[in-house]
Amino acid sequence: MREVKADIVIVGSGAGGGTVANELAPLCADGIRIIVFEQGPRLRDDELTGREVEMAQRLYFESGGMLTHDRSMTLAWARAYGGSTTVYTGTSMVVPGHVIEAWNVPGLRWDDVRERSKKYLEENNVHLLEERLINENNRLFVKGCTALGYRVRQFPVNVEGCRGLGLCNLGCPNGAKRGTHRVQLPAAERQGVEVVTNATVSSVTKRRCLVTVAHREIGEPSSWEPGEYRVTARVVVVAGNAVNSPVLLFRSGFGEYLPALGRGITLHPALILAAEHDHPLTNFFGFPKSYFTDEFREDGRFLLETCMYYPFTTAKNLNGFGAEHSSFMKGFRSMQQILVLALDDPADTNRVEVGRHGEPVVRYRLGRNVLDSLHASMKTAARIFFAAGARRVHVPAGTTFTIGTADAGRLDDLVPRSNVRPGGMSISSAHLMGGCRMGADEKTSVTDAWGQVHGIPWLFVADSSLFPRCSEVNPYVTVMALADRVAQRVRERFKELAS
Amino acid sequence: MKHLSQERASFLLTVAGRIVPEIREMDPDGISRFFGIVDGALGGRPRKARRQFGAFLGVVRWLGLPRWGMPFERLDDDRQDRVLRWLQRCPVRVLRQGFWALRTIVFMAYYGQPEVWPSLGYEPRWDGNEALHA
């Protein structure tokens, strides 16, 4: 076991960890040693091949297919230099005011979150894509929504030099997304922050981090030799994500003092829906995600977004098998896709735990409200597809594999609520939130409004696990805003904490 | 195959041919790629999940025995599909989920092959934005 002394350790290099690293980086000029530990590799540009299965294995935990405990959902998050910012689409939304109000965290105000979010919108080159860069898959969504009178909004995105490969979720081979792997981490490293990749932190007890650095066949070699390390630090910031951060704190023995640890996770359960048009579309190339509608946020508790996934992901998300499934897949070039996100409420039954071997266990029950939302969203998406001119629509809960235009008016009959069952359709999540939620009460929350763990002044959390409820928008900008607050608090208290 | 016996692999290929009909027409290279992906996928899962997958293949194989008196591979196409359809809509959640896992791994091993993509018209291009106006 090698011993290493640091001043600040940051666990995780995604939207939270990368932000904290860059915000604290100026301290390096005063001789403060800051180390970021990232579990995944630092991939070289030529290792981002765009091949779906290969990149899933290289970038995602359990290839993006980690199952919830009851096996009803898969969870996707990345392990790489830059965390999940390497694989998001780059849609950059400021959390709405009503969400922060519903979070009801004393000391956390929306105007503060909004102002900090704006800082990152600027830092990450967030803008609206020019109309000429919008492909037909996205235009058809606008056409369908507009015909039905639904409000449509364009996503601001954080790309620069995007060539429209459409491979955002597999790691952009052009380096066009302005994730922490492109912006905050390189800036932090230039100022002296050390980023150690292939490094798994197994516990953070008493300001000591146990770290294992592994050798990997892919990516740049880690800057540390493979082996076991004990790293002492004055401040530890945990930013592993809504699964890893609670699990790390459990493994470190904090579950005993923090009754809310791991509890109240929300996931924005998602479905991918598809329809076939009678002609080839520009769909899998061009930027994949440009529009959404929040028309049903209040009444239906769901959002609809444009999306276009790759062959395996698409095949997996269609129900059925055999000739009809295969025939639909052969129409890939004529396919339009819509992503549904259900806006779920936290429940005590939904939580992160640690398994017998220290592995993460996510217990999440798809409640009746979420299933109702998914049911309503499927029918709404089908209406949008038909209004956009689709000739047949695949609805996972449909009584037939596809529904044709002749039956477009019978969706209520053809998509029965009784068909919406856990384990009967491909439900996934890439928006993992909660588990170390902020709040004032130590019984119902894990950290204060500045990410400091209750009763442990040297320990902070800076990721989406802080969210007391779901964000109702793609969460990364909010994570950065909250991480910015954490960094401010660490800066303000560093001298006191160091002593 | 590191993570599936020869017998189970052979049975998986039979079932896979009902899930994606094109798998029955794959050449030896395609079959080799198919099992390469299956092996990689199973290798990346916890040991318990690998054991459960193997056990589920056993369930699929013998599910039709009480009704038709023979294992899955000796049933005709229609009966094989009936077995799979029953599993897909099975009231027992664990069997339904097993079928989803089976389907997922078959789709991954087939549609995850770049060699298959041209048959779908999916050919990722580096100049996607230029192609929008081609």
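Modeller: Before we look at anything, one cut-off: an angle of 65 to 115 degrees between two axes counts as roughly perpendicular. Keep in mind too that this is a predicted model.

Colleague: Okay, how do I read a pair of packed helices?

Modeller: Two packed helices are described by the angle between their axes and the distance between the axes. Here, take helix α5 (residues 136-148) of chain A and helix α10 (residues 368-387) of chain A: their axes come within 7 Å and cross at roughly 105°. That is why α5(A) and α10(A) are roughly perpendicular to each other.

Colleague: Which residues of α5(A) and α10(A) meet?

Modeller: From α5(A) you have F141(A), G144(A), C145(A), A147(A) and L148(A), and they meet R383(A), I384(A), F385(A) and A387(A) of α10(A). Sorted by class, this contact has seven nonpolar residues, one polar and one charged.

Colleague: Now the core. Which residues touch the most other members of the largest nonpolar core?

Modeller: That core has 201 residues, and V9(A), V237(A) and V340(A) are the ones touching the most other members. Both domain 1 (2-125 + 167-265 + 432-498) and domain 2 (131-155 + 270-343 + 367-421) of chain A give residues to this core, so it lies between them.

Colleague: Can we zoom in on V340(A)? What is it in contact with, leaving aside neighbours within four places in sequence?

Modeller: V340(A) is in contact with A270(A), L271(A), L273(A), F302(A), L304(A), L374(A), S377(A) and A381(A), once those sequence neighbours are left aside.

Colleague: And how should I think about the place where the two chains touch?

Modeller: The size of an interface is often given as the accessible area lost when the parts come together. For this model, let's go by residues in contact: 35 residues of chain A are in contact with 35 residues of chain B. On the chain A side, α2 (52-59), α8 (311-317) and α9 (322-330) each supply at least two residues.

Colleague: Which helix gives the most to that side of chain A?

Modeller: α9(A), with five residues. By class, the side of chain A that touches chain B has 15 nonpolar, twelve polar and eight charged residues.

Methods:
Residues are numbered from 1 along each chain as its sequence is written. Chains are lettered from A and ligands numbered from 1 in the order in which they are written. This is a predicted model: local features need pLDDT of at least 70, side-chain atom pairs count only at pLDDT 80 or more; totals for chains, interfaces and linings use all residues. Axes are lines fitted to C-alpha atoms, for helices over the stretch in contact, and angles run from 0 to 180 degrees between N-to-C directions. Helices (H or I, at least four residues) and strands (E, at least two) are DSSP runs, numbered from the N terminus. Angles under 35 degrees count as roughly parallel, over 145 as roughly antiparallel, 65 to 115 as roughly perpendicular and the rest as oblique. Two residues are in contact if their C-beta atoms, placed from the backbone, lie within 7 Å. Ala, Val, Leu, Ile, Met, Phe, Trp, Tyr, Cys and Pro count as nonpolar, Asp, Glu, Lys and Arg as charged, and the others, Gly among them, as polar. A nonpolar core is a set of buried Ala, Val, Leu, Ile, Met, Phe, Trp, Tyr and Cys residues joined through C-beta atoms within 7 Å. A residue is buried if 20 or more other C-beta atoms lie within 10 Å of its own, exposed if 12 or fewer, and partly exposed in between; C-beta atoms are placed from the backbone. Domain bounds come from an automatic or database domain assignment.
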